[in-house]
Amino acid sequence: MSDGMIEFRKEFFADERDDTLNEIGKPTRRQDILGHVTGRSPFYDDHLFQGLLHMRCARSPHHAARIRRIDTSEAERTPGVVRVLIGRDVPLNLNTLLSLLDFGIDDEPVLATDRVRYRGEPVAAVVADSEATARAAAAKVRVEWEVLPHVLDVEEAIRPGAPVVLDIYPGNRFIYHGKYDHQKLRYGDVEAALRAADHVVEGRYQMSPIEQAPIETCGAIAAPETNDRFVCYSSTQALFFSLATSSKLLRLPSSRLHFIGGTVGGGFGGKVDSIHEPLAILGAMLTGRPCKYMWDREEEMQVGAPRGAERWYISDGVMRDGRIVARKFVGYFDSGAYTRLSSYAIIKAVGHLPGPYTIPNVSADVSCVYTNRTPATAMRGFGITGVDFAIEAHMDKVAEVVGMNPIDFRILNAYRDGDMKAHRRSAKNCALIECCQVVAEKAGVQLSNAARTASSRQGGGGDRGRLPAHTALDQSGRVEGFDTGSYARKAGQRPATQHQVPAPVAARASPATQAASVQSRPRVEETRVAPSASQTTQQPAPPQQHPAPPSAPPRSGPIRFSSLSGFRRR
Amino acid sequence: MTPAVETYATLAEAARAMASGDGVYLAGGTLLMRAVNAGEVPRRIIRTTDRTLREIAPVGDAVRIGAGVTMVELLQNRELAFLHAAARQVGGPQIRAMGTVGGNLFAPHPYGDLAVALLALGARVVMAGQAGARPLADLLRDRARTGLVAAIECPRPRDARSFGFLKVSRVHPRGASVVSIGAHLPREGGRIRGARIAFGAMGAAPLQASAAERALEGQALDAAAIARAGAVAAQGIDPPSDSLASSWYRREVSGVHLRRLLESMERG
Amino acid sequence: MAKKPVTFTLNGTERAAFADPGQNLLDLLRRGVGDLTPKYGCAQGGCGACTVLIDGAPHLSCLVLGETVEGRAVETAAGLSGAALHPLQEAFMVHFAAQCGYCTPGMLMAAKALLDQTPKPTREEVEEAISGNLCRCTGYEPIIAAILSVANGSVRA
């Protein structure tokens, strides 16, 4: 490897580092490179099976529709077709990915039975003796649709009267902590600080969904083994996640599943959704033969979950000298039709705000919004990348307003060791200032004397290291009576039964029953953050906590990762 | 669901097999096999191993190019140097090793860059089993009609500098066309006589920019004429929208790119 | 519909297989012959992961009708190395020119097609030669460096 590709600036923080590293800074060989250059690395599709069957899904041509009837008879009669699976063939046909981390409510069927919520949603899976036969037969699955209104834009989706994507989230927003229709961050008093600022700079930033587009399309091959187990070769990036998801949906103990993976033909986050493994294994279970479920390129692009679109509104309060004194975010993540990982992406995003800058007053309301688009999932730094684009574009805009060059402006506002961050952790090992200085040098940008001599280790802490004396709280977006399912339940508070999902509205529901079902939905407070002084300066009582039982017996069911849902006591 | 593959020794036999109308001809495979892989399988796939399809020979002022000549073969032929700029822009090395001149005439939007150059040069198409040749423009207007292209007769530009080709794409060195342009501007006594401007990716098939042709006809290729041609470039054209560019964008930029091409031709 | 017997040489060895009607060469090589080195990426001619050489020229095996390789010479990444690795393989190892490795066999074959024709290519010629092959791990620079290092005769840059 040419050394010119990486430049080490060892003069920075030299005293903090024990420079006796043997590997870092030197070229090394990947352990899997010999397999790659000889073409012998075993990707999931590089396993040959006698009698392999091929699976292909029949999919919704509509963004939203009710399914009146699924007729698989013609597909089943096609020569070479071994089996056609529909929703009732799936032992547990409802899942949310993060249920394994006890976060969120099951919302997504493996194969849709009564409704589809995005174009390309699978309704049946044809298993045939060749890929071509499976493809041709999937086209013969007849579905009687009742097309429903759909919504494809996050802000349209949260307007009153918008089509409801998922009945369990009637406001088309994920419910955080069982209490709010968005994830909140409150640090200091943003509204007061905005009023006191010399300038208020606003911006709106939008990014589109991005397909990970691995060269190897997602898929899995499953086959019965001779020891009452099923082997599953998968492209998954999350082998044990996929194993546990398959175990859950197929109601099989995980000891009966033998997963082999780890050789992934490009993932970038797009191969964590565990879509293929349960269906491939089910195909093998129901036919007794090896079964491959592999997306073609068009499916990969159309129904492969992308990095979700994000829309951000940022308002900065800035002083004439360039100090940012307030930053307010309103963000909307487009989760698409189901939750997948978007709820979690937002928790990451909000933990990241306001970016690597020390700002004494920060607030954020970030919603995970359901629309009739392809569900979104992970991709390289998801939750962070989109908002960083927004933040850094906004930094340039604010720098222009105060007449500073953008690098000076960043150094002035950069966090320094000992500063308090908005998520109430002390900043340490900061290096943004040093990075900016190198960038300025490379780009030939003349820095001010103050910026040139600044250091991440100087000027931090002290007042900057203390929590704000006063943090303005509010109850905007409070949701009452929401059945949070299992994730927000304190350990042992309730028995670990399966969450009761509202019964889907029956097909051909009369207007009367539809109205009844609307009334039975949890009530969502539609209060919005109003930019009025009264609401933000008053300090309402902290939100009512449901009392947790003093001693919680160990709870059966999935492992809790409580830091994810924000319950860890600090 | 599974096609019958019929391989014939001669072009004439293949043409007879095509006459029944339910067959699709397989040349380089870059279009047909893509469809087959996607499940759009014809009842019959017809092909021929006839070597005459791969011949390149001068015919008077024109060059007769067998329909089965690949882009790579075209690029290796010095007689066809005037087409090299266009042929080099077709696909990547693999596509150029496979894709044929005849097949390029049938490439759907936004493909078919070589056909744009051929259209601008006033090429004619020789159909198998038919005497004479007909204008390529006719074939491009109705590509669905069955028939088998035997060869393309492309007039050789008298002055190499009178022909220019430009492909605009977002990905380099290989990307599909936002727009591609072929311009043939033969000059007599400093005036353009018989101007032909062809656009690719501006319609379902390559087409002529008649308004721009009229703006240049009889003019000297100077700044004023170039500006007029650029201004009317998209007149009467309704370009398609796709993932590369919207119809509006194509209409807006096609004149700009035409102007740039003409300016580079003016400079020589 | 009847399968068709196809006889061809694969990496110098005569092979025979039965092609299904309409079956592409990629599938024929992988399922019919068991050479798993060409990869499926798109079956549309867009990615180059299935690149093989036919009579020395790079082809997208997904767009080649299987039975049409009758009597022809097919080369895949499986034939690159014998007792020793091909210099391109060595160079790809040294230059870290593979991350996930999925595009690598096709990339190697595209590079081999170039170097067989043009032993001393320019950087532009290398870029052009691999322009039909996508690497989504964004590893083009190390790949170009690896190919150029073989052309320079110094595998190590």
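Biologist: Where chains B and C meet, how many residues of chain B are in contact with chain C?
Modeller: This is a predicted model, where local features need pLDDT of at least 70, side-chain atom pairs count only at pLDDT 80 or more, and totals for chains, interfaces and linings use all residues. Residues are numbered from 1 along each chain as its sequence is written, with chains lettered from A and ligands numbered from 1 in the order in which they are written. Two residues are in contact if their C-beta atoms, placed from the backbone, lie within 7 Å. Chain C brings 26 residues to this contact, and the number from chain B is 22.

Biologist: Which element gives the most to the side of chain B that touches chain C?
Modeller: Helices (H or I, at least four residues) and strands (E, at least two) are DSSP runs, numbered from the N terminus. Strand E1 (4-8), helix H2 (32-37) and helix H5 (93-98) of chain B each supply at least two residues of that side. The biggest giver, with 5 residues, is H5(B).

Biologist: And how many charged residues does that side of chain B have?
Modeller: Ala, Val, Leu, Ile, Met, Phe, Trp, Tyr, Cys and Pro count as nonpolar, Asp, Glu, Lys and Arg as charged, and the others, Gly among them, as polar. On the side of chain B that touches chain C there are 13 nonpolar and 7 polar residues, and the charged number is 2.

Biologist: Staying in chain B, which strands stand at the edges of the open sheet?
Modeller: The 3 strands are ordered E1-E3-E2 with parallel pairing; two strands pair if DSSP finds at least two bridges between them. An edge strand has a single partner, so one side of it is left without a neighbour in the sheet, and that goes for E1 and strand E2 (23-25) of chain B.

Biologist: Which residue of E3(B) stands opposite Val24(B)?
Modeller: E2(B) and strand E3 (residues 44-48) of chain B pair in the parallel sense over 3 bridges. Opposite Val24(B) you'll find Ile45(B).

Biologist: At about what angle does helix H1 of chain B run to E3(B)?
Modeller: Axes are lines fitted to C-alpha atoms, for helices over the stretch in contact, and angles run from 0 to 180 degrees between N-to-C directions. Helix H1 (residues 11-19) lies across E1, E2 and E3 of chain B, and its angle to E3(B) is about 160 degrees.

Biologist: How far apart are the C-alpha centres of domain 1 and domain 2 of chain B?
Modeller: Domain bounds come from an automatic or database domain assignment. For chain B that gives domain 1 (4-48), domain 2 (51-155) and domain 3 (163-267). The C-alpha centres of domain 1 and domain 2 of chain B are separated by 18 Å.

Biologist: Which element has the largest share of the side of domain 1 of chain B that touches domain 2?
Modeller: The contact joins 13 residues of domain 1 of chain B with 18 residues of domain 2 of chain B. The largest share on the domain 1 side, 5 residues, comes from H1(B).

Biologist: In chain A, how many residues does domain 2 give to the contact with domain 1?
Modeller: Chain A is split into domain 1 (46-148 + 212-302) and domain 2 (155-210 + 306-400). Their centres, taken over C-alpha atoms, are 33 Å apart. Domain 1 of chain A gives 20 residues to the contact, and domain 2 of chain A gives 22.
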